[in-house]
Amino acid sequence: MCSNVIDTCKFRGGDMPEKIRQQVPSEDQLYDLAELFKVFGDSTRIRILYRLFSGEYGVNELAESLNLTQSAVSRQLKLLKQARLVRARREGKSMIYALADDHVSTMIGQGLEHIAE
């Protein structure tokens with residue numbers, strides 16, 4: 001099956017036209033994309049993201065609802081925040097976490113569709 005982004009199937013064994021070559025992401029973009037997909041490589045992080053589908057939660061609420069330690073949740077939230085998959089806001093002494101945007105649920109939804117095929 002060919003890619004929706006770049007249809008390279010018809011160029012196998014031959015040179016890729018310059019127009020298509022210009023559409024290939026830069027090495028930096030490819031590296032960043034690979035790093036993003038690594039974040040999805042941990043089921044605990046996926047569980048946290050799923051929990052955040054239903055709204056904003058503090059670390060304690062997430063830990064309790066997922067039967068994890070507060071430390072484990074905090075560590076995973078840090079990675080998710082660095083990957084820009086979650087955002088945080090301060091509420092008193094607590095940090096409240098939410099999905100960064102709709103792209104997060106879309107990526108997970110498409111991944112589930114893919115594995116269901």
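Which residues have the most contacts inside the largest nonpolar core? In this predicted model, they are Ile 48, Leu 49, Leu 52, Leu 77, Leu 80 and Leu 85, within a core of 20 residues. Two of these, Leu 77 and Leu 80, are also among the buried residues of helix H5, so that helix makes a handy way in.

- H4 gives the largest share, with four residues.
- As a general pattern, nonpolar side chains in soluble globular proteins tend to be buried together.

**Leu 52 and its partners**
- Setting aside neighbours within four places in sequence, Leu 52 touches Tyr 57, Leu 62, Val 86, Tyr 97, Ala 98 and Leu 99.

**Helix H5, inside and out**
- H5 runs over residues 70-82, 13 residues in total, and its first and last C-alpha atoms lie 18 Å apart, close to the 18 Å expected at 1.5 Å a residue.
- Its buried residues are Ala 72, Val 73, Gln 76, Leu 77 and Leu 80.
- These residues sit on the same side of H5 because they cover an arc of only 125 degrees around the axis.
- An α-helix has 3.6 residues a turn, so residues three or four places apart point the same way.
- On the face turned away from the buried side, you will find the exposed residues Lys 78 and Gln 82.

**Around and after H5**
- The cover over the buried residues of H5 includes helix H2 (27-39), helix H3 (43-52), helix H4 (59-66), strand E2 (86-91) and strand E3 (94-99).
- After H5 comes Arg 84, with a positive phi near 60 degrees.

Key: Residues numbered from 1 in each chain as written. Predicted model: local features only at pLDDT ≥ 70, side-chain atom pairs only at ≥ 80, totals over all residues. Heavy atoms only, no water. Helix = DSSP H or I, 4+ residues; strand = E, 2+ residues; numbered from the N terminus. Expected span 1.5 Å × (residues − 1). Buried < 20%, exposed > 50% of the residue type's maximum accessible area, 1.4 Å probe, protein only. Arc of directions from axis to C-beta. Contact = heavy atoms within 4.5 Å. Core = buried A, V, L, I, M, F, W, Y, C linked by side-chain atoms within 4.5 Å.
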